[in-house]
Amino acid sequence: MNSLAQLNLNQKRVLIRVDLNVPMQNGKITNDARLKAIIPTLKFALKAHARIMLLSHLGRPEEGVYTEALSLKPIAERLSILMNQPVRFVKDWLQGVTVEPGEIVLCENVRFNKGEKANDLTLAKQMAALCDIFVMDAFATAHRIEASTVGVAQYAPIATAGSLLLAELTALQKALRNPKHPVVAVVGGAKVSDKCLLLGSLLDKVDTLVVGGGLANTFIAAQGYSVGGSLLEPTFIAEALALLARAKSKGVQLIVPIDAIVAKTISETAKSRISNLTDIAMDEKILDVGPKTSQLIDAIIQQAATIVWNGPLGVFEMSPFEIGTKRLANAIANAPASAFSLAGGGETLAAIEKYGVSEKISYISTGGGAFLEYLEGKTLPAVAMLETRSVL
């Protein structure tokens, strides 16, 4: 597989699409994990005496309109600290940037440019003209057909993959294309409608599929139980039944919660209780899996050789309803040493950080939508473009 490591970067203008879309509050970065993730690529390019320019988006500004709150300037300052060298911030960069060998320049938010999201070809060609080599290293945006992801890769003299993108693809392929069995996938989240494609795709790849969170309520209802006032998608009950039947026909174990933590309100002070599925009152909501379900999941994970995790099992942000997700995180962290675990998705990453288990998970994906689309079996456009350029 061709990559950045196989190219001569000496004195070359290297334009790298990274993902610096970090959470911010009052102009301050609250989590710099995505900045730290790109450091290996930057250090490699610096060692090769490249002239480095970085492209990224931040938030969802109106195209063509500068918004100070979504400027990348604070990110350049933090990145300077992490890299232990200045990262020069350039606000107006489309007409050209002068960069010295061994220097890093961060260009202003790509989404301030009209045509970015529509992959305007004129804009893409302007970006491509900035460089000798374009490097796609933003896995989290690889599912988007945009000027700074697909368009520039099409028109740059050379286009290749960065170390982070390659690491993501390697981890995903290890978990899904050539996994060690048994393979266990745990899928949580709010709605079945958001995860139908994912669940269907996973049934072709796993030995056991565990569903939790709000989406599990539709499966519970499909089995004939009342879910009280819980989040429910009645129009997807037929889909849930079809997935259950398909799992059975394929010999895949599809685990639906067998008990629950319920409460009448969703709050930190809510009075919660453990309930069997037959005892949920009409004014109660399912807000977490119960202890019997957690015990079952623990046992399954202990037997797994490959584990894929996407989505919490309950409203983990609130202490009365976090036990299921916390126990799941610790079960994966304490899986057999020989097991390979892969986790991804925004809420999943938040749970991993909350429970301090990141060091014990084999690979944590930086992608949200891209991670899901890959799990669903979709082609990622930015990766497809690199393959077209014969560099992957």
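This is a predicted model: local features need pLDDT of at least 70, side-chain atom pairs count only at pLDDT 80 or more; totals for chains, interfaces and linings use all residues.
Which backbone nitrogen lies 3.5 Å from a polar atom of the side chain of Thr218? The backbone nitrogen in question belongs to Glu233.

## Thr218 and its surroundings

Thr218 is part of helix H8, which covers residues 215-222. Its relative accessible area is 1%, so Thr218 is buried. Leaving out residues up to four places away in sequence, Thr218 touches Val192, Leu232, Glu233, Phe236, Ile237 and Ala240.

## How H8 meets H9

H8 packs with helix H9, residues 237-250. The angle is about 80°, and the axes are 8 Å apart. Angles of 65 to 115 degrees count as roughly perpendicular, and H8 and H9 are therefore roughly perpendicular to each other.

Which residues of H8 meet H9? They are Thr218, Phe219, Ala221 and Ala222. On the H9 side, the residues are Ile237, Ala240, Leu241, Leu243 and Leu244.

## The aromatic pair

How many aromatic pairs does a search of the whole structure find? It finds one. The partners are Tyr66 and Phe112, and their arrangement is edge-to-face. The ring centres are 5.3 Å apart, with 65° between the planes. Planes over 60 degrees apart count as edge-to-face.

Tyr66 lies in the loop between strand E4 (51-55) and helix H3 (73-83). Phe112 lies in the loop between strand E6 (104-107) and helix H4 (121-128). The pair therefore ties together parts that are 46 residues apart in sequence. Tyr66 has 39% relative accessibility and counts as partly exposed. Phe112 is buried, with a relative accessible area of 11%. Tyr66 has a charged neighbour too: the charged end of Lys91 sits over the Tyr66 ring, 4.0 Å from its centre.

Ser148 belongs to helix H5, residues 147-155. Is Ser148 buried or exposed? Ser148 is buried, and its relative accessible area is 0%.

Beyond residues up to four places away in sequence, Ser148 touches Arg17, Leu55, Val110, Glu116, Met127 and Phe134. Two of these partners also make side-chain polar contacts with Ser148. The side chains of Ser148 and Arg17 are joined at 2.9 Å. The contact between the side chains of Ser148 and Glu116 is 2.7 Å. Met127 is 21 residues away from Ser148 along the chain, and their C-alpha atoms are 7.4 Å apart.

## H5 and what covers it

Seven of the nine residues of H5 are buried, so the helix is largely enclosed by the rest of the structure. Which residues of H5 are buried? They are Ala147, Ser148, Thr149, Val150, Gly151, Val152 and Ala153. The elements covering them include strand E1 (13-17), E4, H4, E7, E8 and H14.

H14 is a helix of residues 381-388. Its buried residues are Pro381, Ala382, Val383, Met385 and Leu386. They pack against strand E7 (133-136), H5, strand E8 (159-161) and helix H6 (163-176).

Note on methods:
Residues are numbered from 1 along each chain as its sequence is written. Side-chain values use heavy atoms; hydrogens and water are left out. Rings of Phe, Tyr and Trp (its six-membered ring) pair if their centres lie within 6.5 Å; planes under 30 degrees apart count as stacked, over 60 as edge-to-face and the rest as tilted. Helices (H or I, at least four residues) and strands (E, at least two) are DSSP runs, numbered from the N terminus. Buried means under 20% relative accessible area, exposed over 50%, partly exposed in between (1.4 Å probe, protein chains only). A charge sits over a ring if NZ of Lys or CZ of Arg is within 6 Å of the ring centre and within 35 degrees of the ring normal. A polar contact is a pair of N or O atoms within 3.5 Å; within protein, one must be able to donate a hydrogen and the other to accept it, and residues adjacent in sequence count only if both atoms are side-chain atoms. Contact means heavy atoms within 4.5 Å. Axes are lines fitted to C-alpha atoms, for helices over the stretch in contact, and angles run from 0 to 180 degrees between N-to-C directions. Angles under 35 degrees count as roughly parallel, over 145 as roughly antiparallel, 65 to 115 as roughly perpendicular and the rest as oblique.
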